Amino acid sequence: MTKRVAILISGGGSNMVSLVDSMAGDHPARACLVLSNNHDAGGLQKAADRGVDTAVVDHRPHGDDRATFEDVLHARLRDAAPDILCLAGFMRVLTEGFVSRWQGRMINIHPSLLPKYRGLNTHARALEAGDTEAGCSVHEVTPALDDGPLLGQARVPILPDDTPDTLAARVLRQEHILYPAVLRRFAAGNRAMLSLP
Ligand code: GRF
């Protein structure tokens, strides 16, 4: 049976677009909802243009009360009845309570070769460390930040004149290949690690 996929975003949503566009033809899944915590997320219009339902659950009225925000988020997601949640540039840290409700069904893309550089500013940190390669990872979401079993990684070289922005652009191009490839396998029940290129 076709799987239903909800995608959580906070910004431009270029990974979301690559996921939505990949779910066509004989793909085992379809997008059922794109949800943002931010009304201004540019990805919302891109999702609507693709005929995907959109929703906003603003975190700001809940202040520091993550549990209440997540209860509203969970309720909206439950209405869409997704089988899989994809985090795609969703800039809220999720509590253990939320994660445990979706564990095994929630995946994330992170712009580093995990376990290196969990958290933010991954490209600047790779450059500062003098690394010669960088990349991106898709992993199952567990309560610890940017942790959880790896489902796929893609590598890119770091070039001598790279800045965080040039490196980010090179990695992002690979994100748009890796994430759809992993989602397709995940939706078909394959959780084996995928290494690209
Ligand atoms: C990507 O670099 C992703 O790896 C990170 O946030 C960024 C989101 O970009 N988690 P976009 O909104 O998908 O364009």
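Hi everyone, let's start at the ligand: one of its nitrogen atoms lies 3.3 Å from a backbone N or O atom of I109. That is a polar contact, a pair of N or O atoms within 3.5 Å. Please keep in mind that this is a predicted model, where local features need pLDDT of at least 70 and side-chain atom pairs count only at pLDDT 80 or more, while totals for chains, interfaces and linings use all residues. Residues are numbered from 1 along each chain as its sequence is written, and side-chain values use heavy atoms, with hydrogens and water left out.

A polar backbone atom of G13 is 2.9 Å from an oxygen atom of the ligand. From the side chains, E175 brings a polar atom to 2.7 Å from an oxygen atom of the ligand. How much of the ligand does the protein cover? On its own the ligand has 370 Å² of accessible area, and the protein covers 76% of that (Shrake-Rupley method, 1.4 Å probe).

Now, who stands around the ligand? G12, G13, S14, N15, G89, I109, P111 and E175 surround it, with a heavy atom within 4 Å counting as near. By class, this shell has 2 nonpolar, 5 polar and 1 charged residues. Here Ala, Val, Leu, Ile, Met, Phe, Trp, Tyr, Cys and Pro count as nonpolar, Asp, Glu, Lys and Arg as charged, and the others, Gly among them, as polar.

Let's step back to the space itself. The ligand sits in the largest pocket, meaning that more than half of its atoms lie within 2 Å of the pocket's grid points. A pocket is an open set of points on a 1 Å grid over the protein atoms alone, with protein on both sides within 12 Å along at least five of seven lines; in a cavity, a 1.4 Å probe fits but cannot get out, and lining residues have an atom within 4 Å of a point.

The largest pocket has a volume of about 830 Å³, the space filled by probe spheres set on grid points joined across faces, edges and corners. It is lined by 36 residues, and the closest to its centre are G89, F90, M91, I109 and H110. Two or more lining residues come from each of α1 (14-22), β5 (106-110), α5 (122-128) and α6 (164-187), where helices (H or I, at least four residues) and strands (E, at least two) are DSSP runs numbered from the N terminus. Which element gives the most to this lining? That is α6, with 4 residues. By class, the pocket lining holds 18 nonpolar, 15 polar and 3 charged residues.

How many cavities of 30 Å³ or more does a search of the whole structure find? There are 2. The largest cavity holds about 60 Å³ of space, and among its lining residues are P111, K116, Y117, H123 and E133. Both α5 and β6 (133-140) give two or more residues to that lining, which has 5 nonpolar, 4 polar and 3 charged residues. Notice P111, which lines this cavity and is also one of the residues around the ligand.

The second largest cavity has about 50 Å³. Its lining is H59, H62, G63, D65, R66, F69, E70, R92 and V93, or 2 nonpolar, 3 polar and 4 charged residues.

Last, some backbone details to look for. The peptide bond from L114 to P115 is cis, with omega near 15 degrees, and P115 is in the loop between β5 and α5. N121 lies in the loop between β5 and α5 too; it is not a glycine, yet has a positive phi of about 55 degrees. A cis peptide bond also runs from L196 to P197, with omega near -5 degrees, and P197 is in the segment after β8 (194-196).

Methods. A polar contact is a pair of N or O atoms within 3.5 Å; within protein, one must be able to donate a hydrogen and the other to accept it, and residues adjacent in sequence count only if both atoms are side-chain atoms.
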